[in-house]
Amino acid sequence: MTERVKKNGARWGARVWVVGVAGVLAALPFAASGRLPDRLATHWGGSAPNGSMPLWAAALLPALAWAALAVCVAFIGRRGGFPAGPWVGASLLSGGVLLAGAQASIVRANLDVTDWQDAAPVGTGIGITAAVAVVAGALGRLAGRRAAPPTTPARPAEGGAVMEIPAGERRVWLSRLSNPWLHLIGALTGMVTAAGTVAAACGLIGAQWALVTPFALASLAMFASASVQARVTEAGLEVAFGPLGWPARRWAAGDIVSARVEDRRPAQVGGWGYRLGGLGTTVMLRSGECLVIRPRTGSEFAVSVDDAERGATLLNAFASRRRAGA
């Protein structure tokens, strides 16, 4: 998959997140308007509220603040080449979580009171939100660092099934691939999960985990199977999944009988993502060439990645060396 497609997938994921957070910020006060006073407490001095806004302002101002933050991040991203380092994802994730959590805490504090001065304290909710925002930012930064392209130039492809490695040289092969459509599905189901969680935090609905959990699991499954990184070293093959590179599968070089390149299609393996079938295990992110290994034990494993031929020949070289006892 080309760098342009990968960048487009990242852009679409960011757009879904930005629009979704803006929608949550603007919709929450209006969704609870029947249980809120005409003016909402929006600022606290200690445990007592000391500032308020009309409902429309409490809904729109946070959404505008979020839009301004997103525009600033997009401007920085464009100047640095999208994505402009891991801080872009960290800023969007932490900022969105912080604003959405703060909005949920404000709405919950104002529920079922007739005067904004009677609103409940928000210290606990804001504290939890800040902690979650820090974690989200750290995860976004880690994902951004893993998504950065390798800085070492690729070597020319070697001919034959086994790569010739000159004495004294050490070689490593690395290939990444992502499917923007699976990322988009993961983002959409994630937004449904986030909206349900925020609504529950506001007290608008009960803890309907039976409704939220399937969307959360679907989002995690989509993100885990939407991107993959394959790495061949002297130790063997490692295939890491998701933006954080976890979970991962590993095979020692000596445990691999052979590696090859094979064209596979979703119809052959039963669809997209992590598939089990008659051909063994296939990680299908796009039609075309796959790196296929035949381990000593278990079924074959295939992963759709670019430059699979180079990875297969290098892996065969390492496997042959281990079998020869070198």
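**Sheet architecture and model confidence**

Ile293 stands opposite Phe301 in β11. The structure is a predicted model, in which local features need pLDDT of at least 70 and side-chain atom pairs count only at pLDDT 80 or more, while totals for chains, interfaces and linings use all residues. Residues are numbered from 1 along each chain as its sequence is written, and side-chain values use heavy atoms, without hydrogens or water.

Strand β10 (residues 288-295) pairs with strand β11 (residues 301-304) in the antiparallel sense, over four bridges. Strands (E, at least two residues) and helices (H or I, at least four) are DSSP runs, numbered from the N terminus. Pairing requires at least two DSSP bridges between two strands.

Five strands make up an open sheet, ordered β7-β10-β11-β9-β8, with mixed pairing. From one strand to the next, the twist averages 20 degrees. Helix α8 (residues 308-323) packs on the sheet and touches β7 and β10. Its direction makes about 170 degrees with that of β7. Contact means heavy atoms within 4.5 Å. Axes are lines fitted to C-alpha atoms, for helices over the stretch in contact; angles between N-to-C directions run from 0 to 180 degrees.

Confidence is given as pLDDT, the predictor's score for each residue from 0 to 100. The protein chain averages 81, and 83% of the residues score at least 70. Among its elements, β11 has the highest mean (94) and helix α1 (residues 3-31) the lowest (74). Over residues 1-5 the pLDDT is below 50; this stretch has nine contacts in the model beyond near neighbours in sequence. Residues 148-160 also stay under 50, with 14 contacts beyond four places in sequence.
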